[in-house]
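Biologist: I have a chain on screen and some questions about it. Can we go through it piece by piece?

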Amino acid sequence: MKSVDLPPLYLLLASMSRYRAECLSKIDLPFAQWAPHIDETPLENEQPADLVCRLAGLKAQAGLKAINGDADIARKSEVSHILASDQVMALGQTILGKPHTMEKAKEQLRSMSGQTVYFYTSLCVLDTNTNESRITLDKTKVVFRDLTDEQIELYLNFEQPLDCAGSFKSEKAGILLCKGIEGKDPNALVGLPLVSLTDSLAALGYQLPTSNKIV
């Protein structure tokens with residue numbers, strides 16, 4: 001990513017996800033996006049919560065290494081914090097990630113029909129001045145309706161959620177597929193828990209909102 005005209009201090013979102021960018025835009029802080037490249041293979045017997053927290057930490061560290069070594073991304077002095085997140089959905093002991101294909105998406109939604117699933121969304125906030133970081137975890141419960149193949153087909157053709165964990169987009173038509181959602185932050189389901197972000201930024205040095213944004 002080439003250098004862009006940004007305020008003196010800004011956030012680096014270690015993700016190219018448009019969903020996470022839309023979430024972060026809600027709090028009106030300047031940020032740039034950058035794509036980390038890490039091995040996301042789960043460790044043997046690794047639980048969903050442990051997996052997403054580990055990956056968020058690795059992404060944030062990759063971002064720190066990048067800004068320290070690549071002037072085309074950013075100078076370290078310009079980035080106040082690095083944000084990294086990861087998400088998986090768990091159906092029982094089975095971890096479901098992004099389907100990438102329509103056939104896989106159909107399989108995922110059929111398996112979720114009438115079931116209760118949990119979305120695990122991690123967030124790592126890393127202060128580039130102190131190298132201190134905080135990793136938090138949001139767990140969201142989603143109860144799905146009994147779904148027919150026709151309902152699944154209509155939803156997938158309309159929404160095309162192939163880049164979403166579990167083929168589920170709660171912020172749009174996916175809400176029609178579920179009977180209930182329990183969690184502290186609806187943004188977590190979209191991919192970036194803003195409540196946890198606000199808490200972490202405050203713990204690392206400043207409160208939001210601020211009249212001058214990042215100061």
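Modeller: Start with the largest pocket: 30 residues line it, and those nearest its centre are Arg20, Glu40, Asp86, Gln87 and Lys98. A pocket here is an open set of points on a 1 Å grid over the protein atoms alone, where a 1.4 Å probe fits, with protein on both sides within 12 Å along at least five of seven lines; lining residues have an atom within 4 Å of a point. This is a predicted model, where local features need pLDDT of at least 70 and side-chain atom pairs pLDDT 80 or more, while totals for chains, interfaces and linings use all residues. Residues are numbered from 1 along each chain as its sequence is written, and side-chain values use heavy atoms, without hydrogens and water.

Biologist: What is the volume of the largest pocket?

Modeller: A volume is the space filled by probe spheres set on the grid points, which are joined across faces, edges and corners. For the largest pocket, that comes to about 680 Å³.

Biologist: How many residues of its lining are charged?

Modeller: Ala, Val, Leu, Ile, Met, Phe, Trp, Tyr, Cys and Pro count as nonpolar, Asp, Glu, Lys and Arg as charged, and the others, Gly among them, as polar. The lining has 16 nonpolar and 5 polar residues, and its charged residues number 9.

Biologist: Which helices and strands each supply at least two residues of that lining?

Modeller: Helices (H or I, at least four residues) and strands (E, at least two) are DSSP runs, numbered from the N terminus. The chain has 6 helices and 7 strands. Those that each give the lining at least two residues are α1 (18–25), α2 (48–69), β3 (79–91) and α5 (186–190).

Biologist: Which residue forms a salt bridge with Asp86?

Modeller: A salt bridge needs a side-chain nitrogen of Lys or Arg within 4 Å of a carboxyl oxygen of Asp or Glu. For Asp86, the closest N and O atoms are 2.8 Å apart, and the partner is Lys59. The pair links distant parts of the chain, 27 residues apart: Asp86 is in strand β3 and Lys59 in helix α2.

Biologist: Is Asp86 buried or exposed?

Modeller: Buried means under 20% relative accessible area, exposed over 50%, and partly exposed in between (1.4 Å probe, protein chains only). Lys59 has 6% and is buried. Asp86 is at 5%, so the residue counts as buried.

Biologist: Asp149 and Arg110 also form a salt bridge; how far apart are their closest N and O atoms?

Modeller: Asp149 is partly exposed at 47%. Arg110 is partly exposed too, at 42%. Their closest N and O atoms are separated by 3.1 Å.

Biologist: Where does Lys169, the partner of Glu159 in a salt bridge, lie?

Modeller: The closest N and O atoms of Glu159 and Lys169 are 3.6 Å apart. Glu159 lies in helix α4, so the pair ties together parts 10 residues apart in sequence; Lys169 itself is in the loop between α4 and β7.

Biologist: Which residues make the nonpolar surface patch of about 280 Å²?

Modeller: Patch residues have over 30% relative accessible area and no salt bridge; nonpolar side chains (Val, Leu, Ile, Met, Phe, Trp, Tyr) are joined within 5 Å, like charges within 9 Å. Areas come from the Shrake-Rupley method with a 1.4 Å probe, and for residues only the protein chains shown count as cover. Ile175 has a relative accessible area of 40% and is partly exposed. The patch is made by Ile175, Leu176 and Ile181.
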